[in-house]
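Please open the model in your viewer and keep the selection tool at hand. The tour below moves from stop to stop, saying at each one what to select and what is there.

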Amino acid sequence: MVDEAADRVAAWVRPEIRALSAYHVPEAAGLVKLDAMENPYAWPDELRDAWAAVARETGVNRYPHPQAPELKAQLRAAVGIPPEADVLLGNGSDEIIQMIALALAGPDRVVLSVDPGFVMYRMIALFAGMRYVGVPLRETDFGLDLPALLDAVRRERPAVVFVAYPNNPTGNLFAESDLVAVIEAAPGLVVVDEAYAPFTDASFLGRVGRWPNLVVMRTVSKMGLAGLRLGYLVGPAAWLQEFEKVRLPYNINVLTQRAAELALRHKAVLELAAQKADWSKPLAPGKAGEKRARGVAVHESFGTVVAQVAEVTVKDNTFRVDRVVCAVDCGIAVNPDIIRAQMEGGIGFGLSAALYGKVTLKDGLVEQSNFHDYPLLRISEMPAIDVHIVPSTEKPSGVGEPGVPVIAPAVANALAAATGKRVRALPLSLA
Ligand SMILES: Cc1ncc(COP(=O)(O)O)c(C=O)c1O
């Protein structure tokens with residue numbers, strides 16, 4: 001029986017497939033697992049609770065939406081996909097490589113990439129019956145060997161060129177001008193694989209549409225969501241409409257769709273707040289004896305996600321909050337002015353509690369009697385506040401309270417950055 005099966009396999013399974021070994025994932029029990037570039041940290045409890053609430057409302061009895069329009073809208077907002085570009089979703093970007101190969105395959109068609117490069121380009125070329133050509137990287141610095149690459153492009157006329165930007169496994173970012181030369185020389189499609197986009201500011205995403213043969217591929221795997229299996233391709237509609245035809249229906253399951261929407265919403269507010277607060281640039285220094293620092297926090301409540309960056313100045317055992325940059329996603333912004341005012345009010349109210357809100361008991365009696373011994377934030381202590389609203393197509397959610405709970409952790413994080421010490425009690429105090 002076994003021999004008979006082996007005979008039939010030999011007769012029917014393509015020799016190049018029989019010669020392969022299946023994708024091997026080494027056992028990692030007991031090791032610090034770094035080989036797959038996953039985020040080693042799980043979601044914080046608060047996000048897990050939010051996800052549990054979403055999962056409870058998610059029907060698994062129905063097929064998922066085949067086009068996942070809500071997830072695509074969230075992706076567009078969270079990663080800044082050019083509005084004129086199309087988006088295609090894959091069960092991981094591996095599946096997108098496969099869709100591209102299936103659509104472009106032919107007996108004499110070539111997949112071209114660099115070696116060492118991401119192993120799945122070669123593997124999937126083989127699965128699809130295409131010829132793989134790998135152009136060696138420069139030995140000195142793993143840079144692109146541009147003359148050799150351009151020669152190979154002219155000689156092989158590849159149906160598709162894959163370049164990982166930054167590259168895996170070498171970890172370097174190729175020169176942008178080299179990539180442009182390849183795009184301009186290639187007769188077919190060029191896929192700039194930005195799987196490692198979370199590790200660099202360099203990207204071709206904003207230039208999709210500039211060349212007729214450029215598409216950009218991304219994944220959520222390397223931003224900490226490898227378990228969701230979600231990749232996306234951004235490019236001109238003419239290409240993506242063809243790839244849609246080989247996409248299996250319902251390839252993005254409903255739990256992945258909802259979980260990615262939740263995570264991307266948080267990412268969008270966090271990044272907007274960080275960008276508007278110039279998080280990547282150093283803060284202006286304080287006066288002699290002062291330390292200045294920033295802290296950030298994100299919180300979801302009443303269906304609204306808020307991120308705040310607090311800037312503090314610490315001197316001796318005292319501190320003041322100079323500025324707060326707040327980003328909010330409350331669905332469709334019906335009245336932006338009121339949303340801004342609510343966030344400002346929430347920050348003032350939350351700061352009052354964070355700095356002063358303390359009721360003490362003595363001999364069974366509350367000691368505080370009125371505002372003279374239960375202080376509130378004074379107008380002179382109100383920080384400068386900038387509020388930014390994330391564009392959204394979600395239904396409107398709350399704006400009254402969601403600005404409040406974010407400010408204390410943002411300020412506590414800023415104090416930790418300034419002093420190296422964690423304040424874990426309210427009201428916040430360095431004394
Ligand atoms: C360069 C590159 N592209 C694509 C992928 C595949 O990512 P996904 O998890 O989305 O299938 C990886 C995964 O390691 C990668 O390194």
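Begin by selecting P427, which lies in the segment after helix α12 (404-419); helices (H or I, at least four residues) and strands (E, at least two) are DSSP runs, numbered from the N terminus. The peptide bond that joins L426 and P427 is cis, with omega about -10 degrees. Before going further, please note that this is a predicted model, in which local features need pLDDT of at least 70 and side-chain atom pairs count only at pLDDT 80 or more, while totals for chains, interfaces and linings use all residues. Residues are numbered from 1 along each chain as its sequence is written.

Now select N168 and P169, where the peptide bond from N168 to P169 is cis, with omega near 15 degrees. P169 is found in the loop between β4 (160-164) and α8 (176-185). As background for these stops and for the next ones, most peptide bonds are trans, and most residues other than glycine have a negative phi.

**Two positive phi angles**

Select A68, which sits in the loop between α3 (45-56) and α4 (69-79). Phi of A68 is near 50 degrees, a positive value in a residue other than glycine. Is A68 buried or exposed? A68 counts as buried because it has 25 C-beta neighbours inside 10 Å; a residue is buried if 20 or more other C-beta atoms lie within 10 Å of its own, exposed if 12 or fewer, and partly exposed in between, with C-beta atoms placed from the backbone.

R157 is not a glycine, yet its phi is positive, at about 45 degrees. With 14 other C-beta atoms within 10 Å, R157 is partly exposed.

**The whole chain**

Clear the selection and show the protein chain, which has 12 helices and 13 strands. Its C-alpha atoms fill a box of roughly 90 × 55 × 50 Å, taken along the principal axes. Of the 431 residues of the protein chain, 39% count as buried. If you colour residues 65-252 and 269-419 separately, you will see domain 1 and domain 2 respectively, with bounds that come from an automatic or database domain assignment. The centres of domain 1 and domain 2, taken over C-alpha atoms, are separated by 41 Å.

**A pair of helices**

Select helix α5 (residues 93-104) together with helix α9 (residues 237-246), which pack at an angle of about 95 degrees with their axes 9 Å apart. Axes here are lines fitted to C-alpha atoms, for helices over the stretch in contact, and angles run from 0 to 180 degrees between N-to-C directions. The angle makes α5 roughly perpendicular to α9, since angles under 35 degrees count as roughly parallel, over 145 as roughly antiparallel, 65 to 115 as roughly perpendicular and the rest as oblique. Which residues of α5 and α9 make the contact? On α5 they are M99, I100, L102 and A103, and on α9 they are E242, F243 and V246; two residues are in contact if their C-beta atoms, placed from the backbone, lie within 7 Å. The residues of this contact divide into six nonpolar, no polar and one charged, where Ala, Val, Leu, Ile, Met, Phe, Trp, Tyr, Cys and Pro count as nonpolar, Asp, Glu, Lys and Arg as charged, and the others, Gly among them, as polar.

**Around the ligand**

Select the ligand and then G92, S93, A195, T219 and S221, which come nearest among the 13 residues around the ligand; a residue is near a molecule or strand if its C-beta atom, placed from the backbone, lies within 6 Å of it. The shell around the ligand divides into five nonpolar, six polar and two charged residues.

**A strand residue and a loop residue**

Select V387 in strand β13 (residues 384-389). V387 counts as buried, with 24 C-beta neighbours inside 10 Å. Leaving aside neighbours within four places in sequence, V387 is in contact with C326, V328, R340, M343 and E344.

Finish at F302, in the loop between β8 (290-301) and β9 (304-315). F302 counts as exposed, with 12 C-beta neighbours inside 10 Å. Not counting residues up to four places away in sequence, F302 touches S397, G398, E401 and P402.
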